[in-house]
Every structure is written in C-alpha cells, then in structure tokens.
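Please look over the sequence and the model shown here before reading on. The briefing after it is written for someone who meets this structure for the first time.

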Amino acid sequence: APRIDTNPRGAVVSAGESVEFRVGASGASPLAYQWYIDGRELEGEAEPELAVMSVEPRHAGAYTCRVSNAQGEVTSNAARLEVESGDVVEELDSVEEIGDEVDEF
C-alpha cells in the first residue's frame with residue numbers, strides 16, 4: 001500500500017485569501033489521489049496539491065487526501081482550515097478596546 005510521507009498542514013486564513021494543501025506519498029506507481037472535506041469527496045480534486053482560491057466560510061473544515069494504488073490505499077491526517085470572516089475581526093477589535101479602557105485605570 002502507499003505510504004503518507006508528508007501530511008497536509010492546517011491553516012487559518014481570512015475570507016477572500018487563497019490556501020494550498022499538499023500531501024506527500026510514496027509507493028508503487030501509479031498513485032491516485034482524492035481529496036475530501038469532512039469526509040465528502042471533492043469532485044475533480046485528484047492531485048497531490050489542493051488549492052482553494054478566494055476562501056469563503058463554507059470552505060472551513062477538515063481536509064484529507066486518500067492515496068491509492070494497486071496494493072491498497074491510505075488516508076492522510078486531517079488538515080483543518082479555519083476561515084476568519086470580517087465579523088470575527090470586528091469582535092476582536094471591540095475586545096481590544098475594552099482591554100485598553102481597563103489599562104487606563
């Protein structure tokens with residue numbers, strides 16, 4: 001069966017940014033790749049790299065890649081994608097303002 005040499009790494013990105021996941025695998029050729037989000041197959045994503053352009057909140061989740069060949073298959077560890085929306089940033093700003101007020105006392 002194939003072996004996962006490099007698992008994809010999780011990321012935290014702001015909405016609108018791009019992110020790329022990569023898996024490194026070895027084993028007898030040919031190796032076939034298939035990406036999943038939260039266990040759902042991502043149709044047409046069958047390369048060692050998965051690029052998500054213009055990330056939206058709906059892209060958040062756990063990404064895994066299944067690698068297979070004639071001898072079997074193996075699934076990578078999950079890479080979690082977190083998407084920060086503008087709303088979250090506004091909430092953080094208000095928290096910082098409260099912190100500043102406390103510092104003044």
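What follows is an overview of the chain, and then notes grouped by topic.

This is a predicted model, in which local features need pLDDT of at least 70 and side-chain atom pairs count only at pLDDT 80 or more, while totals for chains, interfaces and linings use all residues. Residues are numbered from 1 along each chain as its sequence is written, and side-chain values use heavy atoms, with hydrogens and water left out.

**Overall make-up and confidence**

- Read from the N terminus, the order of elements is β-β-β-β-β-β-β-β-β-β-α.
- The chain has 105 residues, of which 30% count as buried; buried means under 20% relative accessible area, exposed over 50%, and partly exposed in between, with a 1.4 Å probe and protein chains only.
- Among contacts with a separation of 6 or more, 57% join residues 24 or more positions apart, a contact being heavy atoms within 4.5 Å.
- The average pLDDT of the chain is 88, and 81% of the residues score at least 70; pLDDT is the predictor's confidence in each residue, from 0 to 100.
- Over residues 88-96, however, the pLDDT is below 50, and this stretch has zero contacts in the model beyond near neighbours in sequence.

- Leaving aside neighbours within four places in sequence, Val19 is in contact with Ala11, Val13, Leu50, Ala51, Val52, Val55 and Leu81.
- In E2, Ala11 and Val13 make up a covered face, whereas Val12 and Ser14 make up an uncovered one.
- In a regular strand the side chains alternate between the two faces of the sheet.
- E2 pairs with E10 in the parallel sense over four bridges, and two strands pair if DSSP finds at least two bridges between them.
- Within E10, Glu84 is the bridge partner of Ser14.

- His59 is placed in the loop between strand E7 (49-52) and E8, and it counts as buried because its relative accessibility is 13%.
- Beyond neighbours within four places in sequence, His59 is in contact with Ile37, Val52, Met53, Ser54 and Leu81.
- The C-alpha atoms of His59 and Val83 are 7.5 Å apart in space, although the two are 24 residues apart in sequence.
- Gly61 lies in strand E8 and is buried, since its relative accessible area is 6%.
- Not counting residues up to four places away in sequence, Gly61 touches Ile37, Asp38, Ala79, Arg80 and Leu81.
- Asn69 is in strand E8 (residues 61-69), and at 13% relative accessibility Asn69 counts as buried.
- The side chain of Asn69 reaches the backbone oxygen of Ala28 at 3.0 Å.
- Leaving aside neighbours within four places in sequence, the contacts of Asn69 are Ala1, Pro2, Gly27, Ala28, Pro30 and Leu31.

Methods
Helices (H or I, at least four residues) and strands (E, at least two) are DSSP runs, numbered from the N terminus. A polar contact is a pair of N or O atoms within 3.5 Å; within protein, one must be able to donate a hydrogen and the other to accept it, and residues adjacent in sequence count only if both atoms are side-chain atoms.
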